[in-house]
Amino acid sequence: MKPPAFDYLRAESVGDVLDGLAQQGGDARVLAGGQSLMAMLNMRLAKPKLLIDIMRINELRRIEREGETVVIGAGVRQADLLAWPKLSEALPLVALALPWVGHMQTRSRGTICGSLAHADPSAEMPLALVALGGEVLLRSARRRRRVAAKDFFAGMMLTARADDELIEGISLPIVKGARVAFREVARRHGDFAIVACAAMRTQSGVRLAVGGVADVPTARDWPKLEGSALDDALNAFAYELGARDDVHATARYRRDLVRMIGRDLIGEVLQ
Amino acid sequence: MTRLKADSRHAVRFSLNGKPVEGEAEPRMLLSDFLRHQLGATGTHVGCEHGVCGACTVIVDGMLTRSCLTLAAQVDGCELRTVEGLAPSADRLGVLQQAFRRNHALQCGFCTAGILMSLDHYLAKNPAPTEAEIRDLLSGHICRCTGYTPIIKAALEAAAELTSAKKETSDA
Ligand SMILES: Cc1cc2nc3c(=O)[nH]c(=O)nc-3n(C[C@@H](O)[C@H](O)[C@H](O)COP(=O)(O)OP(=O)(O)OC[C@H]3O[C@@H](n4cnc5c(N)ncnc54)[C@H](O)[C@@H]3O)c2cc1C
Ligand code: FES
Ligand code: FES
């Protein structure tokens with residue numbers, strides 16, 4: 001199908017975007033890489049009155065180290081971040097997860113922040129943000145605020161972003177010498193995950209984050225667990241995520257994957 | 001800042017395979033439709049219109065792009081390449097196209113334009129790809145006829161031929 005009618009605004013500055021969002025509120029949508037939004041428009045699942053194209057704003061295209069964090073602007077495409085020479089060293093978990101986001105042909109256009117705004121429960125970048133404990137940098141004509149990853153995702157495709165807010169960027173912590181692992185099960189590489197897991201060694205033990213099961217990516221911290229204590233913890237976590245049956249997989253299969261991948265990844269990072 | 005009104009048509013200009021083109025489009029017009037219906041460039045095909053099949057893949061400013069997930073208005077002033085630009089002349093196929101033909105890498109041809117654009121773009125940057133890399137690239141396309149095996153064969157053959165052609169020119 002074809003998109004419904006809307007005005008198109010080619011923003012040249014962040015100010016243009018914020019003015020547009022302030023005036024049109026919930027009737028306006030930011031257009032970033034278009035890899036989710038355009039499909040929704042074509043299917044008429046969204047009917048905005050105004051699209052605000054942010055991809056010609058140079059100041060949003062930054063990938064910068066700021067102290068112990070990396071700030072990634074709203075104009076940074078997934079392919080740009082993959083090509084960033086410091087990615088594996090500064091953000092090894094993102095380096096592992098990003099190649100699983102869609103295909104080369106969608107990563108070339110899709111942005112990191114667009115994926116977070118879209119908040120698909122199976123998406124890899126929201127999972128990475130939650131696993132790393134990053135922050136979302138929101139800005140409207142009224143104010144600027146930072147929201148922690150765990151407070152940003154509010155439900156399936158729902159976030160804490162207000163209608164007049166632009167995600168200006170995100171901030172991800174650089175965890176020195178972090179041991180991280182990532183694994184995903186999908187029908188084909190490039191499809192959305194049935195289950196995706198990220199694990200990270202922390203100071204006191206280990207963190208496991210799971211996407212594709214609950215409505216939002218969910219992280220859990222444990223002290224160093226082994227053997228049956230680990231199995232029990234993983235089993236309880238798998239049930240707490242509230243898996244549901246759908247066309248792709250049963251709830252039981254999803255719980256199985258959480259237990260199995262969880263155990264493997266935790267073993268990997270604690271080794 | 002430019003704001004284009006929903007209910008009127010606006011000029012869109014860009015470069016298509018090296019030549020300047022222009023037409024008019026409402027903001028909601030997809031690039032795939034603009035290419036096919038406004039410009040008559042029907043080499044680019046439309047399969048699913050939600051980014052999944054890859055038939056509509058073109059290159060915009062050096063980026064692989066689903067033209068069905070792109071508005072014509074978005075590419076104003078950009079440089080586009082489509083399947084019409086692949087052949088060196090009207091009566092000759094390019095190396096990749098010849099390899100497709102030799103290997104029966106197309107049957108109905110519906111998916112072909114998109115796959116050729118992905119491969120052309122990829123081989124230019126990665127002249128010695130592995131089979132696994134070609135398979136990964138092809139995950140962004142759906143072909144219902146060939147079973148992909150001949151496409152992979154054609155891609156690897158074209159890569160080898162392009163590399164040896166380059167060697168010959170540089171040795172000379
Ligand atoms: C075939 C295919 C396969 C895919 N597979 C995967 C996959 O496996 N995993 C995955 O995670 N994704 C996948 N995607 C989606 C991914 O490619 C998108 O890039 C991503 O979901 C959205 O990013 P975008 O920049 O394209 O955003 P857009 O599509 O432009 O926008 C998406 C939404 O976010 C809003 N938005 C975007 N940027 C901002 C901002 N800065 N501030 C406020 N709101 C904003 C928009 O208004 C819109 O509501 C796939 C897409 C396709 C077409
Ligand atoms: S028509 Fe664009 S991807 Fe299928
Ligand atoms: S040749 Fe028919 S779909 Fe690929």
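Biologist: How many cavities of 30 Å³ or more does the structure hold?

Modeller: In this predicted model, the structure holds three cavities of 30 Å³ or more, and the largest cavity has a volume of about 40 Å³.

Biologist: Okay, and which residues line the largest cavity?

Modeller: Its lining is made up of A90(A), L91(A), P92(A), L93(A), L132(A), P173(A), I174(A), V175(A), A178(A) and V180(A); sorted by class, that lining has 10 nonpolar residues, with no polar and no charged ones.

Biologist: Switching to ligand 1, where does it lie?

Modeller: Ligand 1 lies between chains A and B, and 34 residues surround ligand 1, the closest being V30(A), S36(A), L37(A), T111(A) and E124(A).

Biologist: Which backbone atom lies 2.6 Å from an oxygen atom of ligand 1?

Modeller: That is a backbone N or O atom of V30(A), while a backbone N or O atom of A32(A) lies 2.8 Å from an oxygen atom of ligand 1, and a polar backbone atom of G102(A) is 3.2 Å from an oxygen atom of the ligand.

Biologist: How much of ligand 1 does the protein bury?

Modeller: Taken alone, ligand 1 exposes 970 Å², and the protein buries 96% of that.

Biologist: And which elements give two or more residues to the shell?

Modeller: Those are β2 (28–31), α7 (112–118) and β10 (166–173) of chain A, and α7(A) gives the most, with four residues.

Notes:
Residues numbered from 1 in each chain as written. Chains lettered and ligands numbered in written order. Predicted model: local features only at pLDDT ≥ 70, side-chain atom pairs only at ≥ 80, totals over all residues. Heavy atoms only, no water. 1 Å grid on protein atoms, 1.4 Å probe; cavity = no way out; pocket = protein on both sides within 12 Å on 5 of 7 lines; lining within 4 Å. Points joined across faces, edges and corners; volume = space filled by probe spheres on them. Nonpolar A, V, L, I, M, F, W, Y, C, P; charged D, E, K, R; others polar. Near = heavy atom within 4 Å. Polar contact = N/O pair within 3.5 Å; in protein donor to acceptor, adjacent residues only side chain to side chain. Areas by Shrake-Rupley, 256 points an atom, 1.4 Å probe, with all protein chains shown as cover.
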